[in-house]
Structures are given as C-alpha cells and as structure tokens.
Amino acid sequence: MITIIGATGMIGNALLRRLLERGIPVRAVSRKPDKLRQQMADLALSGIETCAADANDSESMRRALAGTSQLFLALSNDPKQVELETSIIQMAVQEGVEHVVKISSPAYDERSPVAVAGWHEQIEQALVKSGMTYTMLRPYAFMQNLLRLAPTITTQDVFFGCIGDSPCNFIDCRDIADIATEVLTRAKPANRIYTLTGSEAFTYAQIADKMSTLFNRPIGFLNLKPEELRTDLIEHGQMPPWLADHVVEIQTMSTVVPEKPTDTVQRLLGRVPRSLDAFLREHQDTFKPRL
C-alpha cells in the first residue's frame, strides 16, 4: 500500500491522479477530510482509500500508516515541521514502512541561510538515520506559487519581489508528482536525492515580459528592499511573519547562490519539464484585469 500524507496539496493531489490512472492501490491522508472528498469528487476520482489524520495526533497518524509499504510525505511548511515530520518518520519505522519519498527543499546553504531549508535538512538527516529506503525530492520554486501574484497584477498590472535581476528556478508541481510516481513504482527503490527544476531559470523581469506578451498589456516588476517586501507581505498579503520571512529569504538566496536548471526531470521521465510559457497560458484567466 502506498500512503500519501498531504493528499490535498498541489503535489499530493496530482500524485493521487497518477497512481489511480495506473491502477495502483493508494491511501490518501489529510487532516481536512471534507476538502479531500470534495477534491476527489471534483476530479472524478474514485477507488481511493481515504483516511483523516493529523500530524499533531499520533494515534490518528498510526492508523494512517498501518499496512503501508511506501510513504509519500509532504507536509505544508510550518514552524513545527521538524517535530511533526520526524515523529511521522519514527512511527513509519515502527509500522514497518519500507520506503519514504519526502518533499524537501533545495539544499541548505550557509551563504544565504533559509530557515525552512534548515528544517528540511534536519528531517532528511532523521530519515537517513531511520534505516528505511529514502528518496528526497528537492524542488525549487513552484510555478503554482506565481498565482499568488495575481492580486496586484489584476488591479495594478505589477508584482513585487526583492530578487533583483537574479534568475530563479521554477518547476510545475505536476512534474514533481510525475517524478514521485516514477520512484514509487520502481521495482527496487534505492536511496536517492533529486534536485528538481524546470528546463530554464528566469528573472522576474523576464517573467513580467512573458506576461506582458501573453496577456496583451504591460505587466511590471517592482524590486523592493527585503524589509519592504516583508512588510508588504504581512500587511497586504496577510502572511504570518515566519512565512513572509521565508519568501524574503528564498528570494535573497537567489541573489547570493546562483540558480541553474538541472536535467533531472528529463533524465528520469524521458521528456522535458512543463514550460513556464505553457503554465502562464493555462492560467491567464487568473491574471485578467478586475473591472
């Protein structure tokens, strides 16, 4: 049995569909069972075992892990992430899980420390020491997070950042799900670490140019000082301070640690990653001006 923790997330939900298409038994776990059932109904998914469980509730999590041979682990970033994921890893060992596929983050770099990357580094170390077979998936920025730029693009034709003219890696979450499917369906999983990106890295100015062409109106990018962006995310984006810090940190990291695309998706899937152009075309209605 393959168990998916984080089944209502962007990656977990896409992974559910891939496994169902292959007729593979899967258990979908979420702390939001109503949302999970609605998503499955919306996508016409059936034949999947569902389980309501919360990482903060060890008993519910043990029920979710019972009978699991392979585990997909993707919790949302949270200040308690190290505590919660290491607890799940310990329970997985006790329940006899053989292989864990963990959604992590790009490698922690002391030149530009990102707190969330540090959390994932600690969890990866716990997983390596657990004795279970592991696959670490280390994706860069999700293309789907570009949809968070819509509020100011639809009202002011501009979006903000503090990344300057540094290129940034992006990857479509569906490509991450495809990689997870590939490693979960291997005959003999082995310990592996994969860094995942799209086929190109883009500056925010280049993304603004792409949007301008595609949306047929000028879209601008305004570079702010890190402290200005943090304040904007908290006051206007309604982000908790730790999440605003994370956004600023990962953009700052891009200015310190040069980002280049990897060939991992092409190498593992035998096809090129989904492109940013295709993603923006698919979601262009999201960026239409508000009347």
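Which residue forms a salt bridge with E95, and how far apart are the closest N and O atoms? The partner of E95 is R62, and the closest N and O atoms of this salt bridge are 3.7 Å apart, where a salt bridge is a side-chain nitrogen of Lys or Arg within 4 Å of a carboxyl oxygen of Asp or Glu.

This is a predicted model, in which local features need pLDDT of at least 70 and side-chain atom pairs count only at pLDDT 80 or more, while totals for chains, interfaces and linings use all residues. Residues are numbered from 1 along each chain as its sequence is written, and side-chain values use heavy atoms, with hydrogens and water left out.

**Salt bridges**

Helices (H or I, at least four residues) and strands (E, at least two) are DSSP runs, numbered from the N terminus. E95 has a relative accessibility of 29% and counts as partly exposed, and R62 is partly exposed as well, with a relative accessible area of 27%; here buried means under 20% relative accessible area, exposed means over 50%, and partly exposed lies in between (1.4 Å probe, protein chains only).

The structure holds 18 salt bridges, and the table gives some of them.

| Residue | Partner | N to O distance |
|---|---|---|
| E95 | R62 | 3.7 Å |
| R138 | E124 | 2.6 Å |
| R186 | E182 | 3.0 Å |

In the salt bridge between R138 and E124, the closest N and O atoms are 2.6 Å apart. R138 lies in strand β6 (residues 133-139) and E124 in helix α5 (residues 115-130), so this pair ties together parts that are 14 residues apart in sequence. R138 is buried, and E124 is buried too. For the pair of R186 and E182, by contrast, R186 is partly exposed at a relative accessible area of 23%, and E182 is also partly exposed, with a relative accessible area of 23%. A network of salt bridges links R18, D175, D178, R271 and R274.

Strand β1 (residues 2-5) and β4 run parallel and are joined by four bridges, two strands being counted as a pair if DSSP finds at least two bridges between them. Within this pairing, I2 stands opposite Q70 in β4. Strand β4 also pairs with β5 in the parallel sense, over four bridges; Q70 has H99 as its bridge partner in β5, and L73 stands opposite K102 in β5. From β4 the chain crosses through α4 to β5, and this β-α-β crossover is right-handed, a term that applies if, with the strands pointing away from the viewer, the path from the first strand over the helix to the second runs clockwise. Strand β5 is joined in turn to β6 by five bridges, the two running parallel, and K102 stands opposite M136 in β6.

In a regular strand the side chains alternate between the two faces of the sheet. In β4 both faces are covered, with Q70 and F72 buried on one side and L71 and L73 buried on the other. In β5 both faces are likewise covered, with H99, V101 and I103 buried on one side and V100 and K102 on the other. Five of the five residues of β5 are buried, so this strand is largely enclosed by the rest of the structure.

P79 is found in the loop between β4 (70-73) and α4 (81-94). Leaving aside residues up to four places away in sequence, P79 touches W119 and W242, contact meaning heavy atoms within 4.5 Å. P79 and A115 are 36 residues apart in sequence, and their C-alpha atoms are 9.4 Å apart in space.

**Cysteines**

A search of the whole structure finds zero disulfides, a disulfide being a pair of cysteine sulfur atoms within 2.5 Å. C173 is in no disulfide, and the nearest cysteine sulfur, that of C168, is 13 Å away. C173 is buried, with a relative accessible area of 1%, and C51 is buried with a relative accessible area of 15%.
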